[in-house]
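Please read it alongside the sequence and the coordinates.

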Amino acid sequence: MKPLLKIIRQGVYTSLQDSGRFGYRAIGIPVSGVMDRYSFEMGNKILNNAPNTVCLEIFNGGFEAEALSDHTYVITGADGDFFINDVQLYGWKSFSLCKGDRLKIKGSHNGSIFYVIPQGGVATESILQSRSTYPFARIGEEITQGRTLYGHELEQTQFVRGLMPIHRPRFDYIVQVRIFKGPHFDHFTPASRDRLSHSTFQYTGGNRMGYFFKGEKLNLIENREIISEATQFGTIQVPPNGNPIVLMADAQTVGGYPIIGTVHEDDLFKVAQLRTFNKIQFRLMED
Amino acid sequence: MLQMIDFPSVMWTSERTLRFAFHQEISQQNFLAVNQFNQFIHKIFRNNMIETVPGYFTVTAFLKKRLPIDIAQLESEWREFQLAFNDDISLISRVVRIPVCYDEEFALDMERVMEFTKLSYEEIVSIHTSTPYAVHLIGFLPGFPYLGGLDPRLHVPRLQTPRKQIEASSVGIGGYQTGIYPIESPGGWNIIGRTPYKLFDVTRENPTLLQTGNRVAFYSITKQEFNKINQESV
């Protein structure tokens, strides 16, 4: 192991993530893992990392770290203002930090989540077969100011590798995502079912557990109690206020609110990368 | 006598998620059906399965990839499975005995529960410890058991304002359910005691004390006993 980075400012909801912790949902442990799988996988490909390498996931910016050794990295995910010391840096292309350099992520423009991926990944302990952090149950390493992140001793790539812009995801102001019908779809009024797939909802905020949306209300035909059942990353729950919540990577394993639908897994990265006040349109898939 | 359980309804709720649902209710019958069906579904999908989450009346299967589903075929396999299952020892689910200290130091809402139920402290403890509870599902928090079968005399609505922090291992009543908080967390249940047992510990091979399909029997212990067990388990 070699020391990579010392955290100067940890940023928002910064955590270590891999592709998730599977096999423990029946005992209430969420899957966790990266929110934007596409940016994560592409980032690992750029560096020739193994597919499930551990990365640093950061929301919105406000992040700064000092390099403790020479190492190669890539930043993927949202567009943003990145700097090495005070020199601007570009995403989706590998770059090297030299010992003593300061890496800064100031803010995001399109999209909201960044992946800082070292070549070979971050070295951290595997807990229940995953290296993803789930801070709520104190699983995994928390990223706090002053913490040192370690990596693996590797031959460093000499060439700059990157992903051509046409292959990079676009994070739009309005996104369309495909959804499956949920188990309680028919409990909603015909007007609400129609609104779900024909109106636009605005993202009002959220975190790794869930994203909150606001729009025309989704109402049940009758207010009846729902018996709790399994939920997942992408589940669209509707609490009594009629505003949908999309459960995200740290989704609780079961929920008691009516489930109107589930976002298609290949479209989840679009949801994950929404910025506050961006909009979403759900497109119901025919089966 | 063998009673066959009907095949549940099936729907894809996501690209690779299959939801099986029995009649929508919380019942002993569903508890047994879900347990049995959960084992069946593991057997059927074997290597194509990531995991399942059994619920009160549902079994949700997370698969590695979408597979064509032949309902008629599954139905007949389900019948065969039940015939073979009937003599199986796994029908008798494990009973986990859990000590609970109902001392006032831990029972933050005992007075509220007494007032609401019009029962004495002794009556509440005696009713709460009298019958084993079925672990219908685990969720909300890692290792949090949703226990069914709470005596209706102990049904007490949740707190109007949830507490910001409830200590790990606190035992509570929330409406018609009773349960134990596995980790420190916010919560709105009426707290009536605490167990010296740890319900969740990531360092253990089985991180949770309980699993869906278990039964839980509470027994009352004094504060001295609580402290003794607590020390031993450290």
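**Notes on chain B and its partner**

1. In chain B, 62% of the contacts with a separation of 6 or more are between residues 24 or more positions apart. Contact here means heavy atoms within 4.5 Å.

2. On the basis of the model: this is a predicted model, in which local features need pLDDT of at least 70 and side-chain atom pairs count only at pLDDT 80 or more, while totals for chains, interfaces and linings use all residues. Residues are numbered from 1 along each chain as its sequence is written, chains are lettered from A and ligands numbered from 1 in the order in which they are written, and side-chain values use heavy atoms, with hydrogens and water left out.

3. Overall build of chain B. The chain has five helices and 13 strands; helices (H or I, at least four residues) and strands (E, at least two) are DSSP runs, numbered from the N terminus. Along the principal axes, the C-alpha atoms of chain B fill a box of roughly 55 × 40 × 35 Å. Of the 234 residues in chain B, 50% are buried. Buried means under 20% relative accessible area, exposed over 50%, and partly exposed in between (1.4 Å probe, protein chains only).

4. Domains of chain B. The assignment gives domain 1 (9-91) and domain 2 (95-233); such bounds come from an automatic or database domain assignment. The centres of domain 1 of chain B and domain 2 of chain B, taken over C-alpha atoms, are 29 Å apart.

5. Where the two domains of chain B meet, nine residues of domain 1 are in contact with 11 residues of domain 2. The area buried between these domains of chain B is about 830 Å², and carbon and sulfur atoms give 62% of that area. Buried area is the accessible area (1.4 Å probe) that two parts lose on being put together, summed over both. Helix α1 (residues 28-45) of chain B supplies the largest share of the domain 1 side, four residues. That side of domain 1 of chain B divides into five nonpolar, four polar and no charged residues. For these classes, Ala, Val, Leu, Ile, Met, Phe, Trp, Tyr, Cys and Pro count as nonpolar, Asp, Glu, Lys and Arg as charged, and the others, Gly among them, as polar.

6. A salt bridge is a side-chain nitrogen of Lys or Arg within 4 Å of a carboxyl oxygen of Asp or Glu.

7. The interface between chains. Here 42 residues of chain B are in contact with 36 residues of chain A. Chain B and chain A bury about 2900 Å² between them, with 60% of it on carbon and sulfur atoms. In chain B, the residues that lose the most area to chain A are Gln24(B), Glu51(B) and Val202(B), together 16% of what that side buries.

8. Polar links between chain B and chain A. The rule finds three salt bridges and nine residue pairs in polar contact (both at pLDDT 80 or more). Elements giving two or more residues to the chain B side include β1 (9-14), β2 (17-21) and β4 (58-63) of chain B. β3(B) gives the most, with five residues. The chain B side as a whole divides into 22 nonpolar, 13 polar and seven charged residues.

9. Arg19(B) and Glu229(A). Their side chains meet in a salt bridge (2.7 Å, N to O). The pair crosses between chains, from strand β2 of chain B to strand β14 (residues 229-230) of chain A. Arg19(B) is buried, at 8% relative accessible area, and Glu229(A) is buried at 2%.

10. Arg16(B) and Glu265(A). The closest N and O atoms of this salt bridge are 2.6 Å apart. Arg16(B) is partly exposed, at 24% relative accessibility.

11. Salt bridges elsewhere. Within chain A, Arg37(A), Glu41(A) and Asp266(A) are linked in a network of salt bridges. Glu141(A) forms a salt bridge with Arg147(A), with the closest N and O atoms 2.8 Å apart; Glu141(A) is partly exposed at 21% relative accessible area, and Arg147(A) is partly exposed at 30%.

Conventions: Polar contact = N/O pair within 3.5 Å; in protein donor to acceptor, adjacent residues only side chain to side chain.
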